[in-house]
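Take a look at the sequence and the fold below. We will walk through a few places, one at a time.

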Amino acid sequence: MTTDWRRLHPLTPWLRGWALTAVIIGFILNSLRNSYEETLELSRLTGIAGLLVIIAVVIILTTIYNLVWWLLARFRIGSETVDLTTGILARRHRSLRLDQLEAVDIVRPLIARALGLAELKLESAGGADSQLSLVYLKASYAEEVRAEILSRKSTSMASDGFCESPWRPPQNDRGGGDIPSYEHADPLFTVPPSWTIRSYLRTWEPWGSLLATATIIAMTITLDTYTGLFALLPFIYAMFHTFWKHIVTEMRFTGYVHDDGIQLKHGLTTHIKQSIPAQRIQAISLTQRLWWRKPDWWRISANIAGYSTSDDSTSRTLLVPVADPTLAKIALSAVMAEVTQAGNWELVQQAMNRGRISAPFTGSPRHARLFDPLGWAHQGYARSNFALIIRTGRLTRRVTIIPHDRIQGISVVAGPWDRVRDLATVSIHSTPGPASGRLNHLSTNDTGEFLTTQTSLISFGSLPSPTVVAHVHPQDPCPGP
């Protein structure tokens, strides 16, 4: 099995280092502009030619640095690990074990896509520093490397005695060998661009930023001072950030059926393609904002095993940015098919409907309204034969779906005021992610029933029982049995 070291694409250091080169040149020009007298003296000695020589020297030195960096940067796909070595003076070696590999995603920023390049992002289970990025590879070669990594992962797991079947890349109808691409098949779902735009306009962020901007401009004109215009920068940044997040990164959101899960592709300037196996989905979160109720739109995210809580984790744990109940059922059928079956889906629909909690859901008692006057009548839980379904929120509604066999722990918290009102809060622990299993202000009787019944539904095979922790005052008994 070949384990030779390979090089990244020759354009990699330029795409990584162009910003630094621009900053250095800008610093030189800015220093000359700010030092007017020195600029005049410099112009008398060297003139424009001297200035160009300085810039040329910077470019030459940067070119040499980038070339050496590229010559020393290498990666290797072994039988057990993927290794990456970078750096010139300070050498850095990263190694990611194939048996801990959780995700292999392809990311194509705008400039890289224009040059036919792609980033291969590998992520393993454990820690915030669990990523390894191959930046950059030729786009077609990135697909081949991804297929090779997944194939060796399956071979490695099979040789270690795991029951997971070997991964087999599908045949690409357009040639190019066995490449894991589903884009040429009919998509499972596609989010209409009009939904993406309208869902963004139905949030408070753009309108709040516009209102704040208009207020500052009006105050600046009234007070006849322009120093307040600097206060506009945070609001302009906020508008740009939310626009980029909701429109640019979530536009053209498409899902394809994967061998054992779903493959997602989205992005207007930066193309992101990720494959999510169904077995890594630990919990599902459906969120509906206040202004999304009339079209009945929901945002669907998931807790995915192995994904670190990094800056881009929000976009990587997103399953569908905006969906009506029909589209939501289609998307969930690919990652948690049991939820869409008869009996389970009816409970999910009931949790998604408006109105107060009703049977078979168990909610907060009436005396809990003192602690949560808006949400107490709209929060509760129900069980199906497959999952625990939790509904919370009055203004922003949330539905959380956690399969019984993927619950990692249960904790009960009863503060002094809760105990006075005979209440307790139950937290269901999952992997880090947007789905939060929290049952606020249950009665102590319902809390005891929940612990007794829920722990019996969790099947861990040979593993120990789930962790159940109760946090109460040391002098007080634990609420419920």
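Is Leu 71 buried, partly exposed or exposed? This is a predicted model, and in it Leu 71 has a relative accessible area of 37%. Buried means under 20% and exposed means over 50%. The value falls in between, so Leu 71 is partly exposed.

Find Leu 71 in helix 3, which spans residues 47-72.

Now turn to helix 11, residues 344-352. Its buried residues are Asn 344, Trp 345, Leu 347, Val 348, Ala 351 and Met 352. They cover an arc of only 160 degrees around the axis, so they sit on the same side of helix 11. What covers the buried residues of helix 11? Helix 10 (325-335) is part of the cover, and so are several strands, among them strand 12 (281-288) and strand 13 (298-304).

Follow strand 13 to its partner. Three bridges join strand 13 to strand 14, and the two run antiparallel. Ile 300 stands opposite Val 320 in strand 14. Strand 14 (residues 318-323) is mostly covered, with six of its six residues buried.

Last, a loop. Ser 430 lies between strand 20 (423-429) and strand 21 (437-443). Its relative accessible area is 19%, so Ser 430 counts as buried.

Conventions. Residues numbered from 1 in each chain as written. Predicted model: local features only at pLDDT ≥ 70, side-chain atom pairs only at ≥ 80, totals over all residues. Heavy atoms only, no water. Helix = DSSP H or I, 4+ residues; strand = E, 2+ residues; numbered from the N terminus. Buried < 20%, exposed > 50% of the residue type's maximum accessible area, 1.4 Å probe, protein only. Arc of directions from axis to C-beta. Contact = heavy atoms within 4.5 Å. Pairing = 2+ DSSP bridges.
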